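Q: Hi, I have just opened this one and would like a careful walk through it. Could you start with the overall picture and then go to single residues?

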Amino acid sequence: MNSAKQIIIPAGERREWILINDPSVDWHIVQEAGSSLLLHIIALPDLKDTANVQVVNITVEHVAKDCRTEIFGMGLLGGEQRCDITTKVLHTVGGGYSSQLIKMVLGGTSKASFKGELKIMPDAQHVEAYQTNRNILLSRHAEMITEPQLEIYADDVKASHGATTGQLDESAIFYMQQRGIGRDTAYRLLLCAFFDDVLRTIPDENQKEQLIEQSMHAIDSII
């Protein structure tokens, strides 16, 4: 065991956490039978420190049946900011479910990385496990490193992983401009839509609305 903080989610219990601009997180989460985890990792621009660094390491281990893990991450980075997210989800027994969705938008000379490891052990039959990373670069000086990893040792599972990095769709921006929408407004709308499937999963409505507003201000600061 490394120096990570160990957290145990007891059988049948549910835990929900939102990590917002945490500079350093190193957690090893152990889920017992029938437990569930909903985790959000949020990185927003720090106008007071345009060179701040965030390092998030999350390991989740299913040690009994019927566990559920959902990890959502989003980053809006500008200036010289950096955000590194590493996740490891280990299915050691069957009947579990996990999903990871990480999205990043990078401007300026910011850098980010996502290293995701998803492992399904031989005894983990009837598992569903998914991992997705999507990224948009707003500047040619921004840098994104993505390293998805999927290891499957069981033969009766549903699993997938994928990663893409690109730019905003210029044809969509042109389409919106043709209908009287300014370029900056088109950027905002497209980026808000890009993060919608992360933000809408936040269960607390007040916190969700607050983060949507913060995200819109963050978009203005990096476009």
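A: This is a predicted model, and its chain holds three helices and twelve strands. The radius of gyration is 18 Å, close to the 17 Å that the globule rule gives for 223 residues, so the chain is as compact as a globular protein of that length.

Q: What does the C-alpha trace span along its principal axes?
A: The trace covers about 55 × 35 × 35 Å along those axes.

Q: And how much of the chain is buried?
A: Buried residues account for 43% of the 223 residues. As for the accessible surface, it comes to about 10800 Å², and 47% of that belongs to carbon and sulfur atoms.

Q: What about contacts between residues at least 6 apart in sequence, how many of those join residues at least 24 apart?
A: Within that set of contacts, 74% join residues that are at least 24 apart along the chain.

Q: Switching to charges, how many positive and negative side chains are there?
A: The chain carries 20 positive and 30 negative side chains, and the centres of these two sets lie 3 Å apart.

Q: OK, single residues now. Where is Leu39, and is it buried or exposed?
A: Leu39 sits in strand S4, which covers residues 36-43, and it counts as buried because its relative accessibility is 0%, where buried means under 20%.

Q: What does Leu39 touch, leaving out residues up to four places away in sequence?
A: With those set aside, Leu39 touches Trp17, Leu19, Trp27, Ile58, Glu70, Ile71 and Phe72.

Q: Let's move to Asn135. Which strand is it in, and why does it count as buried?
A: Asn135 belongs to strand S10, made up of residues 127-137, and it counts as buried because its relative accessibility is 4%, which falls under the 20% cut-off.

Q: Which side chain does the side chain of Asn135 make a polar contact with?
A: The partner is the side chain of Asn133, at 3.0 Å. Beyond neighbours within four places in sequence, Asn135 is in contact with several residues, including Met104, Met144, Thr146 and Phe194. Thr164, Thr165 and Gly166 are also among its contacts.

Q: And the helices? Where would I find Leu190?
A: Leu190 is placed in helix H2, residues 183-199, and it counts as partly exposed, with a relative accessibility of 22%.

Q: What is Leu190 in contact with, beyond its neighbours within four places in sequence?
A: Its contacts are Leu168, Asp169, Ala172, Ile173 and Met176. Taking Leu168 from that group, Leu190 is 22 residues away from it in sequence, and the two are 7.8 Å apart in space, C-alpha to C-alpha.

Q: Last topic, the loops. What is phi of Asn21, and where is that residue found?
A: Phi of Asn21 is near 55°, a positive value in a residue other than glycine. Most residues other than glycine have a negative phi. Asn21 lies in the loop between strand S2 (14-20) and strand S3 (24-31), and it is partly exposed, with a relative accessible area of 28%.

Q: And what about phi of Asp66?
A: For Asp66, phi is near 65°, again a positive value in a residue other than glycine, and Asp66 is found in the loop between strand S5 (53-62) and strand S6 (68-77).

How values were computed. Residues numbered from 1 in each chain as written. Predicted model: local features only at pLDDT ≥ 70, side-chain atom pairs only at ≥ 80, totals over all residues. Heavy atoms only, no water. Helix = DSSP H or I, 4+ residues; strand = E, 2+ residues; numbered from the N terminus. Rg over C-alpha atoms; globule rule 2.2 N^0.38 Å. Buried < 20%, exposed > 50% of the residue type's maximum accessible area, 1.4 Å probe, protein only. Contact = heavy atoms within 4.5 Å. Areas by Shrake-Rupley, 256 points an atom, 1.4 Å probe, with all protein chains shown as cover. Lys, Arg positive; Asp, Glu negative; His and termini not counted. Charge placed at Lys NZ, Arg CZ, Asp CG, Glu CD. Polar contact = N/O pair within 3.5 Å; in protein donor to acceptor, adjacent residues only side chain to side chain.
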